Amino acid sequence: MTYAPGLIGALLVGVNFAKGLSLATGKPLVPTHHLRSHIAANYISHKELKPPFLCLVVSGGHSHIVEVRDYTDMRVIGRTRDDAAGEAFDKAARAMGIPYPGGVELDKIAETGDDSAFPMPRPRVDGSPYDFSFSGLKTAVINLIHNASQKGEELSVPDVCASYRKAVVGCLTDNFLRAADDLGYTTLVIAGGVSANSLLRRELTRLCGDRYKLYMPEKTLCGDNGAMVGSQAYYEYLAGHIALSDLNAVATLPINEDKY
């Protein structure tokens, strides 16, 4: 079961249900990390995939570049310094009046827009070439929308969506491929809710070409789901990661740490 990280209320419900089920059935209690589970969705889609590989984990709350050295041995080499990519998509969508789930709808609308209509910044983090920063990009699109509103101008929503999506995806792909080159990885994986983004999937497929082997989960497995948790739990079990009855939920926990 997922015990970390996430909204503490939801985690507590799941952990306590799993502890009761374990006690009633005599089955082992296997603690599973939510982000590791997103990566493990790829093992369902691609039976041949095995570590080591480099993974871009992108979701509403996280944007990480992770070295997956083994199924339960991981190292974060890049992360967002502020907003996650999914959060940046959702907040920009809200500013444009796009209904929830904003990031998904923004992606659909962007498919009909001109991605060169509005130049957007490509933030970088000085001294940390693999880290991301999306707060400035988010502010740029919000300012664009507000300034147009104050002047009584009407912006093309599809064009704004396409231009913004291009900038976010560009930041993700640039850092991911830079890390792959620097660290010598040729097997690349994406995971998390934002891995369903249409442009991200197309751009990585195009940029990887024959130089890298790219794995992407099926779109039905990109968002939170029980199958991915079960997939990672299998490898946690094989590694001997069994929790006791005092297991507690943890709201914040790095992907490379265990706390049980």
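**Salt bridges, cis bonds and enclosed spaces**

E111 counts as partly exposed, at 39% relative accessibility (buried is under 20% relative accessible area, exposed is over 50%, and partly exposed lies in between, with a 1.4 Å probe and protein chains only). The model is predicted, so local features need pLDDT of at least 70 and side-chain atom pairs pLDDT 80 or more, while totals for chains, interfaces and linings use all residues. Residues are numbered from 1 along each chain as its sequence is written, and side-chain values use heavy atoms, without hydrogens and water.

E111 has a charged partner. R202 forms a salt bridge with E111, and their closest N and O atoms are 3.1 Å apart (a salt bridge is a side-chain nitrogen of Lys or Arg within 4 Å of a carboxyl oxygen of Asp or Glu). R202 belongs to helix 7 (residues 198-208) and E111 to the loop between helix 4 and helix 5 (135-150), so the pair ties together parts that are 91 residues apart in sequence (helices, H or I with at least four residues, and strands, E with at least two, are DSSP runs numbered from the N terminus). R202 is also partly exposed, with a relative accessible area of 41%.

The structure holds 16 salt bridges. In one of them, the side chains of R75 and E67 meet at 2.5 Å, N to O. R75 is partly exposed because its relative accessibility is 35%. E67 is buried, since its relative accessible area is 8%.

Another salt bridge pairs R211 with D181, with 3.2 Å between the closest N and O atoms. Distant parts of the chain are linked here: R211 sits in the loop between helix 7 and strand 7 (213-215), D181 sits in helix 6 (residues 157-183), and 30 residues separate them. R211 is exposed, with a relative accessible area of 58%. D181 is partly exposed, at 38%.

The backbone has cis peptide bonds. One runs from P51 to P52, with omega near 5°. P52 lies in the loop between helix 2 and strand 3 (53-58). A cis bond also joins Y100 and P101, where omega is about 0°. P101 is found in the loop between helix 3 and helix 4. A24 and P101 stand 77 residues apart in sequence and 38 Å apart in space, C-alpha to C-alpha. A24 itself is part of helix 1. A24 is exposed, because its relative accessible area is 68%.

Pockets and cavities were searched on a 1 Å grid over the protein atoms alone (in a cavity a 1.4 Å probe fits but cannot get out; a pocket is an open set with protein on both sides within 12 Å along at least five of seven lines; lining residues have an atom within 4 Å of a point). The largest pocket holds about 880 Å³ of space (the volume filled by probe spheres set on the points). Its lining consists of 37 residues, and S59, G60, G61, G193 and D224 lie nearest the centre. At least two lining residues come from each of helix 1 (8-25), helix 2 (34-45), helix 3 (85-95), helix 4 (102-110) and helix 8 (226-238). By class, the lining of the largest pocket has 15 nonpolar, 18 polar and four charged residues (Ala, Val, Leu, Ile, Met, Phe, Trp, Tyr, Cys and Pro are nonpolar, Asp, Glu, Lys and Arg charged, the others, Gly among them, polar).

The second largest pocket holds about 220 Å³. It is lined by 14 residues, of which H62, H64, T252, L253 and P254 are closest to its centre. Strand 4 (63-70) and strand 5 (73-79) are the elements that give two or more residues to this lining. The second largest pocket is lined by seven nonpolar, six polar and one charged residues.

One cavity of 30 Å³ or more is found in a search of the whole structure. The largest cavity contains about 50 Å³ of space. R122, P123, R124, D131, F132, S133, C171, D174 and N175 form the lining of the largest cavity. Three of these lining residues are nonpolar, two are polar and four are charged.
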